[in-house]
Amino acid sequence: MAPTPRQPATTPKVQEALDARDALAAALTRAGIQLPAMDVRTPWLDDRGAEAPYALVHLGVCSAPVAHALATVIINGLTP
């Protein structure tokens, strides 16, 4: 039988990453941009079940037009 992947517990670091992902998704939506594969990932946990020391917002991949749209939004958002 194949092992079942464990879902990471919602720790403060995981919650911070979830909140950041949601804030970024909302800001991108306001700019008319959607990244199709935004996710939160934690490093592999060892067999001791220790809490992950950090979590990462994984932005996934995007098409060239979406990358250009992101670049435009970033450049236009810069203040002199």
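Which residues does L56 touch, not counting residues up to four places away in sequence? The legends below get to that, one view at a time.

**View 1. The L56 contacts.** L56 touches D39, V40 and R41, leaving aside residues up to four places away in sequence; contact here means heavy atoms within 4.5 Å. L56 sits in strand β2, which covers residues 56-58. L56 and D39 are 17 residues apart along the chain, and their C-alpha atoms are separated by 8.3 Å. A quick note on the model: it is a predicted one, where local features need pLDDT of at least 70, side-chain atom pairs count only at pLDDT 80 or more, and totals for chains, interfaces and linings use all residues. Residues are numbered from 1 along each chain as its sequence is written, and side-chain values use heavy atoms, with hydrogens and water left out.

**View 2. The whole chain.** Let's zoom out for a moment. The chain has 2 helices and 2 strands, and from the N terminus on they run α-β-β-α. Helices (H or I, at least four residues) and strands (E, at least two) are DSSP runs, numbered from the N terminus. Of the 80 residues in the chain, 14% are buried. Buried means under 20% relative accessible area, exposed means over 50%, and partly exposed is in between (1.4 Å probe, protein chains only). The chain exposes about 6,400 Å², and carbon and sulfur atoms supply 61% of that. Accessible areas come from the Shrake-Rupley method with a 1.4 Å probe; for residues, only the protein chains shown count as cover. Among contacts with a separation of 6 or more, 49% come from residues 24 or more positions apart.

**View 3. The nonpolar core and L35.** The largest nonpolar core has 5 residues in all: L28, I33, L35, M38 and V66. Such a core is a set of buried Ala, Val, Leu, Ile, Met, Phe, Trp, Tyr and Cys residues joined through side-chain atoms within 4.5 Å. Not counting residues up to four places away in sequence, L35 touches L28, L59, C62, V66 and L70.

**View 4. Helix α2.** This helix takes in residues 64-77, and its 14 residues reach 20 Å from first C-alpha to last, close to the 20 Å expected at 1.5 Å a residue. The expected span is 1.5 Å times one less than the number of residues in the helix. Helix α2 is hardly covered, with a count of 1 for buried residues among its 14.

**View 5. The salt bridges.** Side chains of opposite charge can pair when their charged atoms come close. The rule used here asks for a side-chain nitrogen of Lys or Arg within 4 Å of a carboxyl oxygen of Asp or Glu, and the count comes to 3 salt bridges. K13 pairs with E16, their closest N and O atoms being 3.9 Å apart. Because K13 and E16 are 3 residues apart in helix α1, about one helical turn separates them. R21 and D22 meet at 2.9 Å, N to O, and D22 is partly exposed at 41% relative accessibility. R41 and D39 meet at 3.8 Å, N to O; R41 is partly exposed at 42%, and so is D39, at 32%.

**View 6. A nonpolar surface patch.** L24, V57 and L59 make a nonpolar patch of about 190 Å². Patches use residues with over 30% relative accessible area and no salt bridge; like charges are joined within 9 Å, and nonpolar side chains (Val, Leu, Ile, Met, Phe, Trp, Tyr) within 5 Å. L24 belongs to helix α1, residues 12-30, and is partly exposed at 31%.
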